[in-house]
Amino acid sequence: MWNSIPICTSEQARLADQKAICDYGIPSLVLMERAALGCVERMQSHIHPNDTGLIVCGPGNNGADGLAIARLLSERGFFVKIVLPDSNQMSSDEKVQLHIVQKLAIEACPLSACSLEPLLHSCDYIVDAIFGSGLSRAIHGQWYETIAAINASGRPVFSIDIPSGLDGNTGIAQGIAVKAAHTFALDCVKWGEISPEGAPYCGMLHRVPIGIPSVLHEKEAKWLSKSSLCQKIPKRSPFQHKGAFGRALMIGGSPQMPGAVSMASSACFHSGIGLLSVFVPDSIQTILQTRSSLIMTIGAEASKDGFSLTAYQQLQPILSRFDVLCIGNGMGKSPSTDALLQTALSSDATVVIDADAIASAGQHPFWLDREAPVILTPHIKEMSDLTGLSMQEIKTRPYKAVTSFCAAHPNCVLVLKSCATIIGYRNQLSVLFSPNSALSKGGSGDVLAGIVTGLSGWIKDPFLAAQFGVLVHSMAAKQAANPVSFTALDLIQNLDFVFEQFIK
Ligand SMILES: NC(=O)C1=CN([C@@H]2O[C@H](COP(=O)(O)OP(=O)(O)OC[C@H]3O[C@@H](n4cnc5c(N)ncnc54)[C@H](OP(=O)(O)O)[C@@H]3O)[C@@H](O)[C@H]2O)[C@@H](O)CC1
Ligand SMILES: [K+]
């Protein structure tokens with residue numbers, strides 16, 4: 001059901017509605033009827049036959065959806081009451097819907113003439129159809145008071161399209177916003193609904209298709225899920241030798257942080273790589289050797305804090321042995337990191353850039369413009385180091401930051417890690433929304449870099465390897481019995497179970 005779901009800005013959603021109506025001739029009322037039917041069908045598993053519903057309608061087509069929902073609920077035997085906006089504010093579709101509910105004698109009263117408090121306290125649930133994608137300014141006056149009263153009522157709320165008051169792009173409440181138990185995203189999910197600010201307002205997010213032709217969403221971001229990826233993962237032939245599954249080199253580590261490169265390496269080995277070597281300062285080589293007997297270690301000249309400035313000279317001659325390089329985990333930000341990154345990017349291998357090497361890439365963006373693929377895996381702060389954008393700019397419009405970066409660096413796959421992780425490549429965006437505090441722990445990012453590196457060894461398409469890596473990483477976290485005691489090491493333990501679901 002979540003296969004190929006578009007994720008849109010409010011403007012893209014409104015444009016798709018308009019094109020469906022004007023270019024494809026699908027009447028607006030047909031879309032609205034599908035929207036209302038889809039919402040009612042989903043609501044029915046959450047309400048009881050004797051419940052009274054209060055449908056609160058705003059002045060536009062979101063309000064019109066509310067009236068259509070009231071009619072369908074009433075037709076199915078549910079008792080509903082309606083709160084209306086003033087009649088001089090109604091959209092033309094809303095007037096049509098009102099005419100029908102009046103003919104059916106469903107109880108309705110204008111907001112300005114009704115006492116809202118008793119209505120809220122006598123109902124069992126509320127349908128929030130006040131504002132949708134047409135919210136154009138901050139909420140004041142009677143609508144502010146209405147939303148505050150809805151939130152204070154303690155009744156479960158079903159929000160239609162978007163919780164009223166939420167900015168569909170940023171998820172920031174415009175003065176105030178409805179706190180929903182369920183949100184029915186009509187046609188597409190809006191970016192604001194999967195943002196750290198907006199998601200808590202949405203409660204359980206449902207997507208309701210309304211008959212907008214899918215061709216209208218071809219260029220938009222797509223929801224990443226197991227079913228959207230399953231068919232694309234290549235088979236692993238049992239007759240191949242280890243070299244066919246990739247030879248990877250992990251470059252990282254320092255005396256302060258030997259664990260990061262160790263976890264990334266371990267995750268890489270558990271993600272299907274054929275051969276793995278690590279390139280670490282020789283001061284920590286023994287630590288890595290004792291942690292895993294599977295990994296070949298190469299000790300490079302060390303300084304007090306990590307790699308020496310000349311360590312890159314030891315990297316240069318061995319690069320041609322590897323198909324994939326991963327650089328950054330636990331290596332610290334220093335001139336030696338710059339030199340090692342520049343050397344790694346001068347090779348023909350796919351390069352995964354994580355952690356401390358990301359800031360270095362941000363200082364030298366032209367190094368990224370090479371023929372072979374680059375996969376970068378920043379979190380918000382690292383994305384700021386990479387692009388020069390402020391963390392606030394990235395947080396409010398992460399899709400914009402990823403889109404501009406990918407347009408400027410066509411051979412780079414960018415994985416922006418956040419509440420919703422965005423994977424961008426050229427003009428494609430793929431989004432995983434599966435927030436989980438089990439992943440908000442040190443080491444999670446190192447494990448992701450290791451998984452993506454391991455997958456890049458045998459899945460030659462870097463965009464696919466990055467998407468698959470993000471998905472299995474999240475699925476491994478979902479296996480947590482509880483997020484409190486779960487650690488990044490448990491992620492690695494769970495990989496076997498997760499891969500079993502894709503690769504038999
Ligand atoms: N055919 C279609 O297109 C389909 C659309 N569909 C549904 O329609 C929704 C979009 O409908 P919409 O464009 O009418 O916008 P909507 O969110 O109802 O609000 C606009 C009204 O609110 C007003 N207003 C805005 N901000 C305000 C504020 N802060 N405080 C006070 N007033 C404010 C604004 O006033 P104005 O800015 O014009 O002065 C205008 O009157 C969409 O989310 C989906 O639910 C689906 O049924 C599928 C088919
Ligand atoms: K709404």
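Predicted model: local features only at pLDDT ≥ 70, side-chain atom pairs only at ≥ 80, totals over all residues.

Me: Which residues of α2 meet α3?

Reply: From α2 come Met-32, Glu-33, Ala-35, Ala-36, Leu-37, Cys-39 and Val-40. They meet Asn-61, Ala-64, Asp-65, Ala-68, Ile-69, Leu-72 and Leu-73 of α3. Sorted by class, the contact of α2 with α3 has 11 nonpolar residues, 1 polar and 2 charged.

Me: What is the arrangement of α17 and α19?

Reply: Take the angle again. Helix α17 covers residues 444-458 and helix α19 residues 488-500; their axes come within 8 Å and cross at roughly 30 degrees. That makes α17 roughly parallel to α19. The crossing of α17 and α19 is right-handed. In the contact, Ser-444, Asp-446 and Val-447 of α17 meet Ala-488, Leu-491 and Ile-492 of α19. By class, the residues of this contact are 4 nonpolar, 1 polar and 1 charged.

Me: How do α13 and α14 lie to each other, and which of their residues meet?

Reply: The axes of helix α13 (residues 356-363) and helix α14 (residues 380-387) come within 6 Å, with a crossing at roughly 25 degrees. The two helices, α13 and α14, are therefore roughly parallel to each other. Ile-358, Ala-359, Ala-361 and Gly-362 in α13 meet Glu-382, Asp-385, Leu-386 and Thr-387 in α14. The contact of α13 with α14 divides into 4 nonpolar, 2 polar and 2 charged residues.

Me: Now the larger scale. Into which domains is the protein divided?

Reply: Domain 1 spans 6-220, and domain 2 is made of 227-232 + 241-500. The C-alpha centres of domain 1 and domain 2 lie 42 Å apart. Their contact takes 9 residues from domain 1 and 9 residues from domain 2. On the side of domain 1 that touches domain 2, the residues are 5 nonpolar, 3 polar and 1 charged.

Me: What about the ligand: which residues come nearest to ligand 1?

Reply: A shell can be read by its nearest residues, by the elements that supply it and by class. Around ligand 1 there are 29 residues, of which Gly-60, Asn-61, Asn-62, Gly-132 and Gly-134 come nearest. Helices α1 (10-22), α2 (28-43) and α3 (61-75) each supply at least two residues of the shell.

Me: How many residues of the shell around ligand 1 are in each class?

Reply: The shell around ligand 1 divides into 13 nonpolar, 12 polar and 4 charged residues.

Technical notes
Residues numbered from 1 in each chain as written. Chains lettered and ligands numbered in written order. Domains from an automatic or database assignment. Contact = placed C-beta atoms within 7 Å. Nonpolar A, V, L, I, M, F, W, Y, C, P; charged D, E, K, R; others polar. Near = placed C-beta within 6 Å. Helix = DSSP H or I, 4+ residues; strand = E, 2+ residues; numbered from the N terminus. Axes fitted to C-alpha atoms, helices over the stretch in contact; angles between N-to-C directions. Parallel < 35°, antiparallel > 145°, perpendicular 65-115°, else oblique. Left-handed = near helix turned anticlockwise from the far one by under 90°.
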